[in-house]
Amino acid sequence: MKTFFSILFLLTLRVCVFAQYSTDKFSVYYNVRHIPEFYVEPQNRTFGVYFNAPKQIKNAVDFKNLYSFYTPLGWRPDKGNPYMIINFEVNYLEIQKSYEIEDTIKRIFFPAMDYIIPIHITVETPQNESGYTNAKNSFIMEEPTIYTYISEKGFRTIEDAHDFFVDNKDIIIEEEINRRIYEFYAETQKRINDNYVYYPRGENIHVWLLDSKKNDFYKDYKKSKENIKTIFQNLKAAGGQEDVIKEIKPYIELIKAEINSLNEKDKKQRSAKINLLYGLSEIYYALEIFDVSEDYAKQVSSFDDSRGEKQIKAIEKYKKELEKHHINSKHFEITF
């Protein structure tokens, strides 16, 4: 029995020693500007929308609303001499069949129809031309997408449901034309934004802190974790770096103190140290202090940890993006 408790004590002691050097990895979110694929000089960021469609479509859609529906952030309309041409090619809405759907539980009928409306949007600039279609492949007239309309209003008889559709067919068609065009245009905007727009987007890094109750730093652990997250929330796409750098400094010093407390000759402490070093590299990366971030990444690499090299490559890519777009930071105001 005495031997059993001795072994149990040693196991418990071993777990405590391990826990003393465990680290908590947590995500820290903040905002930057998305850096688009193509760089366009600020004075050239103009666009025009053009609409080519048969009378049925033109009568249903207010062409001018396409401008107010979407203006790329940082761009301005200029139909006379646009740098970016957004061109709509829309064909007739054709009804494939009309029918009634029965709700057997409620015993009511809903008017319905299946239809096609081929839509093709091209986005053209001197740098690139992209085409988007709602067909099932890249050819607008081949294998068109079949849409289904189902009325929200139900009727007691199939005849009443049929009569409702016949009496309101023109209104229903007009609503479906608008719905599908604007719905597809909304999908296209994502591609336009990725190629040409500096829109706000979320990023995240990972930070590590020692998290064991047996560790001298544990009294600062939970509060520090939450404060680091909160501080980075003040890093906006439009700016905020100076305040964040100032506020995060005490927590950087805390992590440095944790690193200095560890003995890298011990396997568990060595692992914790690498995590903390990598966390510091991530923090400086997010703050765009690249020389310091790279310095910590090299220290991570010196422990044969591949994350260090990946971080160095990420820094180089980041710097090249800034250089390509003639900016010093991914945090800036958008001006027209």
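**View 1. The surroundings of Phe232 in the predicted model.** Leaving aside neighbours within four places in sequence, Phe232 is in contact (heavy atoms within 4.5 Å) with Val28, Tyr29, Tyr30, Ile205, Val244, Ile248, Ile283, Ala286 and Leu287. Residues are numbered from 1 along each chain as its sequence is written, and side-chain values use heavy atoms, with hydrogens and water left out.

**View 2. The largest nonpolar core.** A nonpolar core is a set of buried (under 20% relative accessible area, 1.4 Å probe, protein chains only) Ala, Val, Leu, Ile, Met, Phe, Trp, Tyr and Cys residues joined through side-chain atoms within 4.5 Å. The largest one has 48 residues, and Ile228, Phe232 and Ile283 are those with the most contacts inside it. A second, separate core of 39 residues includes Leu66, Met84, Val90 and Ile177.

**View 3. An open sheet of three strands.** The strands (DSSP runs of E, at least two residues, numbered from the N terminus) follow the order S5-S6-S9 with antiparallel pairing, where two strands pair if DSSP finds at least two bridges between them. The edge strands, each pairing on one side only, are S5 (94-103) and S9 (147-150). S5 and S6 (residues 108-116) pair over nine bridges, and Ile95 stands opposite Tyr115 in S6.

**View 4. Confidence along the chain.** The mean pLDDT of the chain is 91, and 92% of its residues reach 70 or more. Over residues 2-18, however, the pLDDT is below 50. Where pLDDT is low, the predicted coordinates should not be read in detail.

Definitions and conventions:
Predicted model: local features only at pLDDT ≥ 70, side-chain atom pairs only at ≥ 80, totals over all residues. Helix = DSSP H or I, 4+ residues; strand = E, 2+ residues; numbered from the N terminus. pLDDT = per-residue confidence, 0-100. Buried < 20%, exposed > 50% of the residue type's maximum accessible area, 1.4 Å probe, protein only.
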